[in-house]
Amino acid sequence: MMTTRSGTQRSHLATSPFAPKIEPEIEHFELHDRVSHQSHGLGRVVSQESAAVTVDFGDCTHRIVSPFHLLERL
């Protein structure tokens with residue numbers, strides 16, 4: 001859906017040659033979830049916020065903000 005300057009959303013016409021913008025699905029992590037990060041390795045979620053999680057990787061703790069491209073749940 002497109003948003004106009006006034007903030008209202010315009011509907012997408014089925015006959016339009018342009019594809020509608022698809023909102024990416026953001027994964028939600030729970031406390032104590034086991035996760036894998038491409039750079040930091042295996043870890044466990046120790047804190048969660050609305051747009052970030054804090055993960056303990058054993059030797060270090062990192063706060064990772066959403067969207068979680070490099071983080072996946074095990």
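Q: Which residues make up the largest nonpolar core?
A: In this predicted model, the largest nonpolar core has 9 residues, namely Phe29, Val35, Val45, Val53, Val55, Phe57, Ile64, Phe68 and Leu71.

Q: Take Phe57 from that list; what is Phe57 in contact with, leaving aside its neighbours within four places in sequence?
A: With those neighbours left out, Phe57 is in contact with His37, His40, Gly41, Leu42, Gly43, His62 and Ile64, and of these Ile64 is also listed in the largest nonpolar core.

Q: Changing topic, how many helices and strands are there?
A: The protein has 0 helices and 7 strands, and reading along the sequence gives the pattern β-β-β-β-β-β-β.

Q: And where does Thr54 lie?
A: Thr54 belongs to strand E5, which covers residues 52-56.

Q: Is Thr54 buried or exposed?
A: Thr54 counts as buried, because its relative accessible area is 16%, and the cut-off for buried is under 20%.

Q: What does Thr54 touch beyond its neighbours within four places in sequence?
A: Thr54 is in contact with Arg44, Val45, Val46, Ser47, Thr61, His62 and Arg63; as for Gly43, which is 11 residues away along the chain, its C-alpha atom is separated from that of Thr54 by 9.8 Å.

Q: Back to the whole protein, what share of the residues counts as buried?
A: Of the 74 residues, 19% count as buried, while the accessible surface comes to about 6000 Å², with 53% of that surface belonging to carbon and sulfur atoms.

Q: And what share of the contacts between residues at least 6 apart in sequence joins residues at least 24 apart?
A: Among those contacts, the share is 27%.

Note on methods. Residues are numbered from 1 along each chain as its sequence is written. This is a predicted model: local features need pLDDT of at least 70, side-chain atom pairs count only at pLDDT 80 or more; totals for chains, interfaces and linings use all residues. Side-chain values use heavy atoms; hydrogens and water are left out. A nonpolar core is a set of buried Ala, Val, Leu, Ile, Met, Phe, Trp, Tyr and Cys residues joined through side-chain atoms within 4.5 Å. Buried means under 20% relative accessible area, exposed over 50%, partly exposed in between (1.4 Å probe, protein chains only). Contact means heavy atoms within 4.5 Å. Helices (H or I, at least four residues) and strands (E, at least two) are DSSP runs, numbered from the N terminus. Accessible areas come from the Shrake-Rupley method with a 1.4 Å probe; for residues, only the protein chains shown count as cover.
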